[in-house]
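Hello,

Here is the structure I promised to pass on. Please open it next to this message and read the two together.

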Amino acid sequence: MRRGNRTVIEMLVVGVVASAIGIAIALAIDWFPPAASKQAGPIDTLWDVLLIISVPVFVLVTVVVLFSVREFRMRPGQELEDGAPIHGNTRLEVIWTTIPAVIIASLVVYAYLVLRDIEKAPANASTEMRVKVTGQQFAWEFEYPQAGGKTIKANQLYVPKGTSVKFDIVAKDVLHDFWVPAWRMKIDAVPGITTHYRITPTKLGEYPIVCAELCGLGHAFMRATAHVLTPSNFSAWLKRQGAASSTTASSGGGSTTATKPDGKKLFASTELACSSCHTLADAKATGTTGPDLDKVLASASLADIKQDIASPNAEIAAGYQAGIMPQDFAKRLTPAELTALATYLKTVTAK
Amino acid sequence: MPEIVRRPGLARGGVWLLAGIAFSFGVSCLTRALYHLDTIDGDSIARIAMLAAPFFFLAGLGAFSYWFYWASGKPTLPEDHSAHGAHSWKDYFRINTDHKVIGIQYTVHSFVFLFIGGLMAMLMRAELAAPGRQFVDASTFNGLFSVHASLLIFLFIIPVFAGLANFVLPLMIGAPDMAFPRLNALSFWLLPIAGVMMLGSFFAPGGSFSSGWTAYAPLSTSAPLGQDMFTIGVQFAGASSIATALNFLVTIITMRAPGMSFFRMPLLVWANFSTSLLVVIATPFIAASQFFVLLDRGLGFRFFDPGEGGDVLMYQHVFWFYSHPAVYIMMLPGFGIISEILASRARKPIFGYRMMAFSLLAIVVLGFTVWAHHMFVSGMQSWIRVPMMVTTAIIAVPTGIKIFSWLATLWRGIIHLHTPMLFALGFLTMFTLGGLSGVILAMIPVDIHVSDTYFIVAHIHYVLFGGSLFTIFAGVYYWFPKMTGRMFDEGLGKLHFWTTFIFFNATFAPMHLIGVEGMPRRVADYSEQFAGWNLAISISSWFLGLSTLIFLYNMVSSWRGGPRAPSNPWRALTIEWQVSSPPPVFNFDSLPTVVGGPYEYGVPGAVHAVFKAPDQPVTASSSSPTREAH
Amino acid sequence: MEAAAISHDLHEHHGPPAANHSSRVDPPMLGMLLFIISEIMVFGAFFTAYFFIRVVNGDQWFPFEGHHLPVAVAFVNTTILVSSSFTLHWAETSLKRNNRAAFKAGMLSTFLLGLTFLFVQINEYVHIGFAPHDFAQGSVFYGLTGLHGAHVAIGLLLLGIVTLRAFRGHFSPESHRGVEIPGIYWHFVDAMWIVVYFSVYVL
Ligand code: HEA
Ligand code: HEA
Ligand code: CUA
Ligand SMILES: [Cu+2]
């Protein structure tokens, strides 16, 4: 029995020391990507608290296992002996039911408070900035509703630093998930409903946007970039886009325009999102998911290019695979638009 | 016709299978002709064949023969018990109604799928060793992780537990067999059908199913034919587990030996009782979720078409209402195994036996109230999240009771560090880690960030590998002598444990970090920033794969030529150890009578079960199992 | 591997010892009851689909846009199915009282009532005017009634066998498990229909 008591004390000491070291290491690890939103702070703190609680629980279990093995391992001569016939101890059982219950209860309350905090609407909720995010296989599109019912579209995300932004997220085909790791928030884009979250960017810079819900072959490539600008730069950007969009208002697949379709505008349009996957110098497109069109189309015929767009699986560019490039352009483009697009590609890539 | 295709068996099964395919072809063409569609449609024929042909196969195999006779009131074949026991390896490839044979069929069959599924993981890790494309394209990669998870869940973890329990549970409760031996045989034979179907999907036009083991709509409703092989394969695996669960429940309720009250049952029996309840109640939901998908795909139903009023999130609710309980279906039997091993290898009664039983039931009940923790970022009604967070976190309490009671069972025991015990101790620590990451995931704000990242992949493997698979290894080593009559090689067993333990952690621990740092799951390609860790993970994972080969070698060589096992190598008290190794064909000459608890180690003179004085001394220890201690 | 499950030649043709009955319930009956729990859950999942599409999604339910369900015909059909439960019960009690003629008549009428139900249901599909792929409500309607119809078909198969055997002189007041177990299933199928009828047609 005395030996037992000494062991318990020894265990306690080892446990406390190991927990301290464990917590120190766990907190020293640089777990997160940069924290670039107001929401990141409380989440990261919650994470630290969870680590501080988890480490001792793990240490406790491990230390008891190791000490039991050290202390009570069968010694020569004990081959046929049995341990002490202890069937239970109500007090202990009450203790190890209550303590975890209390820990769990506090964690849940804390997590709830954090949740409320990160989802809280700003004081000026009605005038909060909104961005509509559309996920489709395999590109993102961002729309900025403007006064007067106009919208500005882009396939990279631009937001001003320091204002709360609410995203209205929709999906065109299957589930996607709009995640900016640096902002910590994510939510699925669900066909048929609009989902939301809000963040307040706190750091200037460029952060990856990641699609986090399996959406098919191009899931891994469904990336874009979030640019956090100073408010003044942001309004300047908006104004530029506004000006551009008023001249290209009718660009985009299937849109009914009386004028002859313009291949370049089609290529750059956010509905078709060609530039999110392809590199094309003339359109300043730098996507890398699909082939670099400047290179591969150098000697392609017009008919080939048309086929490449209308039925991408008919012929697969070397090193790439079928199924990533959307299959429905034939439906989304009128024949005239398809011709215009292909002609444009042929002219700008021909050597 | 040659004899072999007329006698029930694999050959006749094969012939009937072909007949089934021809039949499906006919049905498909006829129906389509009636509806004025193109008569021949490959997808439609394939779907009907996948649904119908397996029944032809099973009938050919002889799985239904008895029932046909019984239902028609014809005299059933006189029960000469020729189907009991296995006389040669060929008997394992037939319909056999002996629970011990079925147990071995199940276990070996499941391990085949562990190796196949593991091999897919090796390929995945090869692709993920570096950013960019290595060996496989995105389509194959998505197929690999989908099939990897589906095989390991539906054809390894769930059935292997059913297999181990099939072997030992009737012995443990003193029953001569399961309640419905023929249903038991049918349950087993449904599995190869599911397995072949899922594996076969790699040969389907358009590639294997590739929407993950979760098969979320609408990705799954618009995927090529391979998806049907998941959708339909799961139905067969699910039917198998429901049938087995019914069988376990009825066996446990109606066939316990005299004196075996509920609170004298070994905890493994309690664990399988709880698991079977989960299966009976939850599994119909995955069946239904896949029916929906099948109807949407095959007949153009609109369950998941938002354009026509369908609801995409409904899939996830129905799916997780099964699949969260399923994670406990994959863990509770393991808890039972650990209780058996810890008690007998620490030579001490289980600490707090009743609380151990009640905490199982608590997990069963709570398990039905937490499904939406998989949907915190799914866009569902946001008010559901907080109640689900609370219930989810509460599960840590009954689970904690179990962990702490096991620790207390070790304390002041006499610990024998045999291989099963090493795996049991490894389980205690590794499952705690997995459980803790589960509690972290339950906290909504953290889950919002880490959901769908490698942090989840880390959690999955800590609970499923460090939890379930460790208990399976422990259980297989523990009952190997009973099942085969041979001892395994202890040295190789220890080597297996240590290599597995080390490389398991080296493989899966870093995934926590890269997940939080921002690496999403289910991607074949990732950003440069994660390259270093992924290479390290891949290398460790290959060593982890190699460590499994030690196990394979140990099992095969020991089964063929290991030393003969005594009837009770672990000096355990539960009834399965009181009969010879392997047990006699009919388990007992006369039923044992239970006179005490199952874990009365160290209690002077305590006995769990006695055998009535048998007329012949056949069973190895037909005398009462007095304890060998002084 | 031959080592596994070695048989003791001595005992080859002895049977196993009879199992102890640790519960008063009959194992096959318990098995059927548990199976019915599973079946209820299958319906539960289909009702979940119904709930999501009708309540959560808030889609209009029948009648809408000129699509309506034949509530009255379905009501008659409901009474047909429910009465089959009574005839089945009559058959069972008659068998126990060894009234074979009533037993046969009861089984036959149960079977025919069930068949009528199924026929009316199929007829309803033919004339209802919308298809499962027209809108999600249609999918739910066909899903729930179709799932139930499939159960009726299975129940009829079982009852058909029992009826045939009844006419061949099988079963006796002492041995009637072969009637009772399909019987329980049939009662379940009936009860389920009432739930389906109320939630799909009436509410
Ligand atoms: C064997 C399988 C298994 C088990 C047992 C568990 C157990 C638990 N799981 Fe896990 N889980 C999975 C398998 C499993 N899980 C899988 C496969 C997925 C991913 C599915 C997919 O998307 O593909 C998943 C995903 C998953 C999610 C969703 C994450 C996401 O997708 O965003 C969540 C969130 O809450 C979660 C939580 C939990 C919790 C709280 C437990 C608890 O039951 C754990 C309880 C145990 C302990 C806590 C440890 C012991 C306790 C103590 C020592 C007491 C003291 C402790 C404290 C005071 C904290 N799991
Ligand atoms: C019981 C369950 C179980 C088990 C045992 C495993 C075992 C392993 N798993 Fe698996 N895994 C899951 C269940 C499981 N997994 C689930 C549910 C998912 C989620 C899927 C989804 O997103 O839908 C998943 C996903 C998953 C991923 C994420 C994929 C992604 O999201 O992109 C990865 C990546 O590394 C992975 C790796 C491994 C590895 C390395 C092993 C190793 O432990 C395997 C060990 C190897 C063997 C046992 C094979 C035996 C060895 C040989 C045959 C010899 C050959 C040897 C060499 C070539 C060296 N798994
Ligand atoms: Cu879009 Cu993944
Ligand atoms: Cu879960």
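Below is what I found, site by site. Bear in mind that this is a predicted model.

**The copper site**

Start with the copper ion, ligand 4. Three histidines of chain B coordinate the copper ion: B:His324 through ND1, B:His373 through NE2 and B:His374 through NE2. The distances run from 1.9 to 2.1 Å. Along the sequence, the donor residues follow the spacing H-x48-H-H. B:His324 sits in helix H10 (residues 312–329) of chain B, and B:His374 in the loop between helix H12 (353–367) and helix H13 (385–394), so this pair ties together parts that are 50 residues apart in sequence.

B:His324 has 3% relative accessibility, under the 20% cut-off, so it counts as buried. B:His374 has a relative accessible area of 29% and is partly exposed.

**The iron of ligand 1**

Now look across from the copper. The iron atom of ligand 1 is 4.5 Å from the copper ion. How many donors does the protein give this iron atom? There is a single one, NE2 of B:His459, at 2.1 Å. B:His459 belongs to helix H17 (residues 454–484) of chain B.

**Around ligand 2**

Ligand 2 has 35 residues around it. The closest are B:Arg125, B:His148, B:His461, B:Arg521 and B:Arg522. Five helices of chain B each supply at least two residues of this shell: H5 (99–128), H6 (138–172), H17, H18 (490–517) and H19 (531–561). H17 is also the helix that holds B:His459.

What is the make-up of the shell by class? It has 25 nonpolar, seven polar and three charged residues.

Three side chains are worth checking against the oxygen atoms of ligand 2:

- B:Arg125 has a polar side-chain atom 2.7 Å from an oxygen atom of ligand 2.
- B:Arg521 has a side-chain N or O atom 2.9 Å from an oxygen atom of ligand 2.
- B:Tyr454 has a polar side-chain atom 3.4 Å from an oxygen atom of ligand 2.

**Helix H12 of chain B**

H12 of chain B has 15 residues. From its first C-alpha to its last, H12 reaches 21 Å, close to the 21 Å expected at 1.5 Å a residue. Its buried residues include B:Tyr353, B:Met356, B:Ala357, B:Leu360, B:Ile363, B:Val364 and B:Gly367. An α-helix has 3.6 residues a turn, so residues three or four places apart point the same way. What do the buried residues of H12 pack against? Their partners in chain B are helix H9 (267–299), H10, helix H11 (332–346), H13 and helix H14 (396–410).

**How the chains meet**

Two pairs of chains are in contact, and chains A and B share the most contacts. Chain A and chain C have no contact with each other. Their closest C-alpha atoms lie 10 Å apart.

At 4% relative accessibility, B:Ser211 counts as buried. The side chain of B:Ser211 makes a polar contact of 2.7 Å with the side chain of B:Gln227. Leaving aside neighbours within four places in sequence, B:Ser211 is in contact with residues including A:Leu214, B:Ser146 and B:Tyr216.

**Backbone points to check**

Most residues other than glycine have a negative phi, and most peptide bonds are trans. Four places in this model go the other way.

The peptide bond from A:Gln137 to A:Phe138 is cis, with omega near -5 degrees. A:Phe138 is in the loop between strands E1 (129–136) and E2 (139–145) of chain A. Another cis peptide bond joins B:Ser581 and B:Pro582, with omega about -15 degrees. B:Pro582 is in the loop between H19 and strand E1 (592–594) of chain B.

B:Arg412 has a positive phi, near 65 degrees. This residue lies in the loop between H14 and helix H15 (419–442) of chain B, and at 38% relative accessibility B:Arg412 is partly exposed. C:Asn98 also has a positive phi, near 65 degrees. C:Asn98 is in the loop between helix H2 (71–96) and helix H3 (100–127) of chain C, and is partly exposed at 47%.

Best wishes

How values were computed: Residues are numbered from 1 along each chain as its sequence is written. Chains are lettered from A and ligands numbered from 1 in the order in which they are written. This is a predicted model: local features need pLDDT of at least 70, side-chain atom pairs count only at pLDDT 80 or more; totals for chains, interfaces and linings use all residues. Side-chain values use heavy atoms; hydrogens and water are left out. Donors are N, O and S atoms within 2.8 Å of the metal (3.2 Å for Na, K and Ca); water is not among the atoms, so sites may look incomplete. Helices (H or I, at least four residues) and strands (E, at least two) are DSSP runs, numbered from the N terminus. Buried means under 20% relative accessible area, exposed over 50%, partly exposed in between (1.4 Å probe, protein chains only). A residue is near a molecule or strand if one of its heavy atoms lies within 4 Å of it. A polar contact is a pair of N or O atoms within 3.5 Å; within protein, one must be able to donate a hydrogen and the other to accept it, and residues adjacent in sequence count only if both atoms are side-chain atoms. Ala, Val, Leu, Ile, Met, Phe, Trp, Tyr, Cys and Pro count as nonpolar, Asp, Glu, Lys and Arg as charged, and the others, Gly among them, as polar. The expected span of a helix is 1.5 Å times one less than its number of residues. Contact means heavy atoms within 4.5 Å.
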